[in-house]
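Hello,

Here is the structure I promised to pass on to you. Please open it next to this message, and then read on for my notes.

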Amino acid sequence: MQTRYRQGLATLPLAAACAAAHAGPLPVVDARMGEQVVAIPAKIGGADITLQTTIYKPPGDGPFPVLFMNHGKNGGDAHQQPRARYPVISREFVKRGYAVVIPMRQGFAGSGGTYVNSHCQAKLNGEDQASSLYFAMAYAMKQPWADQQHVIIAGQSHGGLTAIAAGSHNISGVQGVINFAGGVNSRSHCNWQAALVDAFKAYGAVSTTPSIWFYGANDQHFGPKLAAEMYAAYTGAGGKAQLVAYGPFKRDAHSMSSSPDGVAIWLPETTRFLQGVGMPTEIKYTIKESR
């Protein structure tokens with residue numbers, strides 16, 4: 001268990017070293033990265049629905065290590081939220097030979113069902129959200145292109161809570177969890193901050209999956225004090241985590257992971273984390289720039 005405090009933007013020594021290790025030009029992947037949108041069947045709460053899911057893959061048959069990336073929630077009707085694509089994160093992982101799977105959970109965007117609003121019961125909320133992820137994982141892990149033993153679960157904001165909840169189930173093949181500003185808040189009259197701390201404590205008590213957490217100094221949803229409390233609760237209960245508490249990022253660090261400028265913050269630490277849990281980090285492809 002380790003906390004690293006960072007100020008400002010970092011350099012990319014590990015990524016540069018990986019790129020420099022290649023003697024010749026790398027294979028080029030189209031800017032769309034083989035993007036597919038599939039409807040994954042799911043049965044949640046007794047209802048048969050489909051989950052609108054984006055998949056990026058490098059060329060070839062694989063098997064590829066898999067990143068499952070979980071989205072956050074915008075304000076308003078979840079069905080009006082656009083399909084999540086996470087191009088910045090997806091590019092960095094596809095460059096390293098990963099397939100990236102981004103499921104829209106129950107009630108979001110083009111997925112069926114109704115969004116489950118249980119903000120004041122944060123642990124239950126995370127578990128409810130993870131129920132959609134499990135169907136996407138079951139689908140993807142049956143595909144011939146998926147390496148079932150080299151899997152990472154990640155998520156941003158509400159998706160970060162989803163990732164931590166799923167990671168607590170110690171799923172076979174899942175080597176680590178990446179939490180980008182994970183949590184869920186509520187406008188209801190309840191102590192949602194305390195509920196979040198309790199949720200992370202409960203997850204940490206049963207999880208054996210290593211994780212890395214990113215929270216910025218000017219996160220408008222989950223500030224440094226709350227992030228530190230969640231981390232202390234999680235690790236104090238036995239959870240394995242490294243907290244990267246970095247400085248301010250633009251106007252709101254909550255969206256750091258989606259910004260091209262944020263790569264310099266999360267990629268070096270993530271590279272070290274991936275190496276530590278036995279996941280590949282070598283750059284294998286060049287992504288063609290989109291026009």
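Below is what turned up in it, grouped by topic.

Please keep in mind from the start that this is a predicted model.

**The disulfide**

Let me begin with the cysteines. Searching the whole structure gives one disulfide. The partners are cysteine 120 and cysteine 190, with 1.9 Å between their sulfur atoms. This pair ties together distant parts of the chain, 70 residues apart. Cysteine 120 sits in the loop between strand E6 (99-103) and helix H3 (122-141), while cysteine 190 sits in the loop between strand E8 (174-180) and helix H5 (192-206). The link is left-handed, with -75° about the S-S bond.

Glutamine 193 belongs to helix H5 and is partly exposed, with a relative accessible area of 33%. Along the sequence, glutamine 193 and cysteine 120 are 73 residues apart, yet their C-alpha atoms are 8.8 Å apart in space.

**How the helices pack**

As a reminder, two packed helices are described by the angle between their axes and the distance between the axes.

Take H3 and H5, whose axes come within 7 Å and cross at roughly 60°. That angle makes H3 oblique to H5. On the H3 side the contact uses Ala122, Lys123, Gly126 and Glu127, and on the H5 side Ala195, Leu196, Ala199, Ala202 and Tyr203. Sorted by class, this contact has six nonpolar, one polar and two charged residues.

H5 also packs against helix H6 (residues 224-236), with axes that come within 7 Å and cross at roughly 30°. H5 is therefore roughly parallel to H6, since the cut-off for that description is under 35 degrees. The crossing of H5 and H6 is right-handed. From H5, the residues Trp192, Gln193, Leu196, Val197, Phe200, Lys201, Tyr203 and Gly204 meet Leu226, Glu229, Met230, Ala233 and Tyr234 of H6. By class, that gives nine nonpolar, two polar and two charged residues. Leu196 and Tyr203 of H5 are listed in the contact with H3 and again in the contact with H6.

The remaining pair is helix H2 (residues 87-95) and helix H7 (residues 263-276), which pack at an angle of about 40° with their axes 12 Å apart. H2 and H7 are therefore oblique to each other, and their crossing is right-handed. Val88, Ile89, Glu92 and Phe93 of H2 make the contact with Val263, Trp266, Leu267, Thr270 and Leu274 of H7. The residues of this contact divide into seven nonpolar, one polar and one charged.

**Backbone details**

A few backbone angles deserve a look. In general, most residues other than glycine have a negative phi, and most peptide bonds are trans.

Which peptide bond is cis? It is the one from glycine 62 to proline 63, with omega near 5°. Proline 63 lies in the loop between strand E4 (47-56) and strand E5 (64-70).

Asparagine 170 has a positive phi, near 50°. This asparagine 170 is in the loop between helix H4 (158-167) and E8, and counts as partly exposed at 31% relative accessibility. Alanine 181 has a positive phi too, near 55°, and lies in the loop between E8 and H5. At 3% relative accessibility, alanine 181 counts as buried.

**A buried phenylalanine**

Finally, have a look at phenylalanine 68 in strand E5. Phenylalanine 68 counts as buried because its relative accessibility is 0%. Leaving aside residues up to four places away in sequence, phenylalanine 68 touches Val101, Leu133, Ala136, Met137, Ala140, Met141, Val151, Ile152, Ile153 and Ala154.

Happy browsing, and do write back with any questions.

Best wishes

Methods. Residues are numbered from 1 along each chain as its sequence is written. This is a predicted model: local features need pLDDT of at least 70, side-chain atom pairs count only at pLDDT 80 or more; totals for chains, interfaces and linings use all residues. Side-chain values use heavy atoms; hydrogens and water are left out. A disulfide is a pair of cysteine sulfur atoms within 2.5 Å. Helices (H or I, at least four residues) and strands (E, at least two) are DSSP runs, numbered from the N terminus. Buried means under 20% relative accessible area, exposed over 50%, partly exposed in between (1.4 Å probe, protein chains only). Axes are lines fitted to C-alpha atoms, for helices over the stretch in contact, and angles run from 0 to 180 degrees between N-to-C directions. Angles under 35 degrees count as roughly parallel, over 145 as roughly antiparallel, 65 to 115 as roughly perpendicular and the rest as oblique. A crossing is left-handed if the near helix is turned anticlockwise from the far one by less than a right angle, and right-handed if clockwise. Contact means heavy atoms within 4.5 Å. Ala, Val, Leu, Ile, Met, Phe, Trp, Tyr, Cys and Pro count as nonpolar, Asp, Glu, Lys and Arg as charged, and the others, Gly among them, as polar.
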